[in-house]
Structures are given as structure tokens and as C-alpha cells.
Amino acid sequence: MKVLVIGGGAREHALCRSLSQDPAVTELHCAPGNAGIAQVATVHPVDQLDGAAVLALARELAAELVVVGPEAPLVAGVADPLRAAGIPVFGPSAEAAQLEGSKAFAKDVMAGAAVPTARSYLCTTAEEAAEALDAFGAPYVVKDDGLAAGKGVVVTADRTAALAHAAACMTVTAERPGGGSVVIEEYLDGPEVSLFAITDGTTVLPLQPAQDFKRALDGDAGPNTGGMGAYSPLPWAPEGLVDEVLDTVLQPTVDELRRRGTPFSGLLYAGLALTSRGTRVIEFNARFGDPETQVVLARLRTPLAGLLLAAANGTLAALEPLRWDEGAAVTVVVAAQGYPAAPRSGDVIEGLEKAETADGTVHVLHAGTREQDGLVLSAGGRVLSVTATGADLAQARERAYAGVAEIRLEGSQHRTDIALRAAQEAAAS
């Protein structure tokens with residue numbers, strides 16, 4: 001099978017790494033890729049938001065499966081011309097991808113499917129936003145209605161800051177063409193869980209749950225980010241959680257989208273809060289999450305290419321149950337100086353080979369990197385994801401941080417408490 005992956009972050013590196021280990025994959029390509037992906041796939045320049053350009057590349061390569069990684073190309077409709085041309089594609093249509101592209105659309109779908117979620121208001125004026133904030137009270141939850149690269153949500157006890165973020169979300173700019181509305185909702189208490197599911201529009205196949213760390217600093221302090229680390233499995237998760245979410249969230253959502261005539265095929269990501277009143281959906285994404293993908297795929301033993309192709313071809317129901325490593329995985333994000341506000345780029349990265357282990361228990365996934373004159377340079381806010389597996393969370397965590405310690409990137413930052421509490425609780429039980 002010839003596979004083309006669209007994207008160039010750590011999520012796509014994780015996908016490419018797993019696909020490169022699949023015996024069914026005879027050729028692996030990625031566009032635009034990055035310095036790390038180039039080690040396991042042939043990379044090609046492409047405008048990943050240009051459906052015609054992606055289709056032309058897929059035809060040139062005779063790709064038999066195209067995997068669209070990031071949310072922006074999906075919302076832009078890159079999967080549509082591929083699907084229309086008869087090329088199997090893993091990723092939803094532009095219409096179905098609005099499940100992530102518009103919080104308001106997602107709320108409407110959840111209402112139609114009776115999916116449990118937070119009460120919310122869609123606001124288009126400062127007056128409406130102020131009324132909504134007062135209706136719910138602190139802590140305030142303010143969400144950009146459109147895409148915001150994982151940084152469109154503000155949770156704060158500061159009403160002035162909440163109003164300021166709402167105003168920014170409602171302002172139409174070149175960087176925020178979808179401005180004009182903001183979603184304000186009730187705060188959901190309890191721990192958060194990320195649960196991915198592969199779906200062909202009818203059958204829904206959940207993967208193993210993970211937890212990520214959104215705040216920039218230890219102890220969940222600092223600004224919101226795209227994610228500073230993740231781990232899987234979740235030893236503290238209630239028994240039967242995956243089955244419950246499949247029955248009350250994932251399957252009803254897929255069924256509702258099919259009923260509306262917008263079938264969802266690809267990766268459905270449910271961000272969940274395990275509240276005192278039961279499980280609630282925080283948000284949906286229309287693609288693999290980053291950095292959770294890094295730990296989920298590190299534990300997946302079922303060959304990935306056949307799984308993604310079955311989703312693209314509508315044959316998921318015929319697959320055997322997924323196989324998983326019984327151990328644990330932890331990923332730690334190494335970010336650039338100044339992330340997330342003003343990340344610095346162009347710095348030399350050293351120690352990448354030392355960070356990895358020969359047995360594959362520690363591997364480094366590139367997020368924001370580029371190659372120049374034989375050197376690997378930083379080229380984004382989140383630069384690397386150091387991912388490790390182990391018999392349990394404690395061992396996986398120890399290995400991941402040992403890998404991080406080998407990396408040299410001037411001014412870099414990372415959290416030191418990824419999976420710490422879960423590992424301690426697991427060891428004590």
C-alpha cells in the first residue's frame with residue numbers, strides 16, 4: 001500500500017512512525033513533513049490547505065490511502081476532492097469537520113443526539129457575552145467558535161479577562177476569519193479524558209483513553225497551550241468508561257451526523273470531563289489530538305494502515321478487535337522559549353540521537369523543526385515530543401524524562417510533572 005500523510009507536526013510524525021512499521025505499507029510519503037518525518041517517509045512540499053494541490057500530489061504518487069492529519073485542512077475541505085476522485089481518504093468532509101470547526105455546530109449536533117455536555121450560550125455582541133458570563137458565574141469558560149490551534153479557550157476567574165477574550169473571538173481579522181461569535185458555557189468540574197474513535201460513518205471503534213496537559217507550567221499553571229504532554233492508560237478512570245462514552249457520546253454523534261446527511265468518516269475525538277454529575281463532553285475534534293496521539297499510537301499493536309483504510313472504505317465492522325500493549329506510554333513536549341505567546345525559532349537542536357533508545361522504548365517525534373545545512377533547527381512553538389513506553393507509568397515517565405535530559409535547545413521549556421500524580425497513585429494502590 002502506498003500511503004500519503006498530510007501535515008507536518010508531531011501528530012503526523014507519530015502517524016508516519018506507526019505506518020512505517022506496518023508491513024503492508026510499501027511506500028510512505030508525507031507533505032509537507034518535517035525534519036524528523038523525513039527519516040521515515042519521503043517528504044514533499046505542498047500547500048496542505050489546497051485540495052487541488054493535495055489531489056495532484058496523491059495522483060502523482062499513485063497513493064492508495066491519504067491520511068489528513070491537521071484540523072485546518074479538514075475544515076478547509078481537503079478530503080473532499082480526494083474522496084470525489086475515488087482515492088481512499090482518512091478524514092471527514094468539510095461539512096462533517098465543522099464538528100471541530102464550529103463550536104456552535106457541535107453544540108447543535110450534541111443537542112440533536114442527546115449527548116451530555118455543558119450548558120452554553122452563543123454570543124455575537126459584548127452585551128450578550130456579559131450576560132452569559134453573569135448567568136454562569138466564575139470560573140468563566142470562553143471558547144472561540146472557530147479553529148484556534150488548541151488555544152481558543154480561556155478558563156478564568158477574572159471577569160475582565162473573560163470579556164476581553166470574548167471580544168477578541170468576536171473580532172474578524174485575517175488571522176481569525178471566522179470571528180463574529182463566541183461560545184460561553186458553564187464550567188465542568190472533574191478530571192479530563194481524551195478518547196479517540198475510528199469511524200467509517202456507521203461503525204465506531206474507540207481507542208484507548210489518554211490525558212493531556214494543556215497549561216504551560218507545572219501544577220496546571222500558566223497560559224493555555226496546544227498541549228505539553230500526555231499519558232496512557234488512565235489507571236484512575238472508572239471501569240466501563242470507554243463503553244459508556246461509546247454508547248452515550250460517540251455512537252449517537254456519528255448516527256446524528258449520518259441522519260443529517262453529513263456522515264463523519266475518520267477520527268472522532270471526544271474531550272471529556274468526568275464531573276460530579278456524570279461524564280460530559282467538553283469538545284469534539286475531527287482528527288487525532290496532539291500530544292495524545294503520540295502515547296495512544298505508542299501502545300497500539302494492531303497495524304495502523306489497515307485500520308485507517310477500513311475506515312476510509314467503510315469496512316470497520318469486519319475488523320478483528322484491536323490489540324494493545326499492556327504497559328504505559330508517556331510523552332513530554334519540549335517547547336521553544338517564549339511559547340505559547342511568542343515562541344523563538346531558528347535555534348539548533350542537539351542530542352536527538354542520544355535521547356532515543358535502540359530498543360524503541362524512547363523515541364523523539366518532531367513537531368516544529370526544519371533542516372538546514374545538516375542541522376536540525378526549531379521552527380515552531382512546540383518543537384519535540386519525547387515519547388516513551390514502559391511496563392507502567394512510572395517506568396515510561398522515567399524513560400521519557402531521561403530522553404528529554406539529553407536534548408539541547410537553547411531557552412527550551414517543558415513541564416516536569418507529566419503523569420506524575422497518576423504514576424504516584426498507581427504505585428500506591
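Analyst: Helix H6, spanning residues 103-113, and helix H9, spanning residues 241-259, have axes that come within 9 Å and cross at roughly 100° (axes are lines fitted to C-alpha atoms, for helices over the stretch in contact, with angles from 0 to 180 degrees between N-to-C directions; helices are DSSP runs of H or I with at least four residues, strands runs of E with at least two, numbered from the N terminus). On the H6 side the contact is made by Phe 105, Val 109, Gly 112 and Ala 113, and on the H9 side by Pro 252, Thr 253, Glu 256 and Leu 257, where contact means heavy atoms within 4.5 Å. Sorted by class, the residues in this contact of H6 with H9 are five nonpolar, two polar and one charged (Ala, Val, Leu, Ile, Met, Phe, Trp, Tyr, Cys and Pro are nonpolar, Asp, Glu, Lys and Arg charged, and the others, Gly among them, polar).

The model is predicted, so that local features need pLDDT of at least 70 and side-chain atom pairs count only at pLDDT 80 or more, while totals for chains, interfaces and linings use all residues. Residues are numbered from 1 along each chain as its sequence is written, and side-chain values use heavy atoms, with hydrogens and water left out.

The whole structure, when searched, shows three cavities of 30 Å³ or more (a cavity is a set of points on a 1 Å grid over the protein atoms alone where a 1.4 Å probe fits but cannot get out, and its lining residues have an atom within 4 Å of a point). The largest cavity has a volume of about 60 Å³, the space filled by probe spheres set on grid points that are joined across faces, edges and corners. Its lining consists of Leu 99, Lys 103, Ala 106, Lys 107, Met 110, Lys 143, Glu 185, Ile 282, Glu 283 and Phe 284. H6 gives the largest share of this lining, four residues, and both H6 and strand S17 (278-285) supply at least two residues each. By class, the lining of the largest cavity holds five nonpolar and five charged residues, with no polar ones.

The second largest cavity contains about 50 Å³ of space. Among the residues that line this second cavity are Leu 15, Val 67, Val 68, Gly 69, Phe 90, Leu 267, Arg 287 and Phe 288. Its lining divides into nine nonpolar, two polar and one charged residues.

Turning to the sheet, five strands in the order S12-S15-S18-S23-S20 form an open sheet with antiparallel pairing (two strands pair if DSSP finds at least two bridges between them). Strand S12 (211-212) and strand S20 (362-366) are the edge strands, each pairing on one side only. Within the sheet, strand S18, residues 328-335, is joined to strand S23, residues 382-390, by eight bridges in the antiparallel sense, and Val 332 has Val 386 of S23 as its bridge partner. Helix H10, residues 292-299, lies across S12, strand S15 (229-232), S18, S20 and S23, and runs at about 150° to S18. Helix H13, residues 393-405, packs on the sheet as well, touching S15, S18, S20 and S23, with a direction that makes about 25° with that of S18.

Conventions. On a 1 Å grid over the protein atoms alone, a cavity is a set of points where a 1.4 Å probe fits but cannot get out, and a pocket is an open set with protein on both sides within 12 Å along at least five of seven lines; lining residues have an atom within 4 Å of a point.
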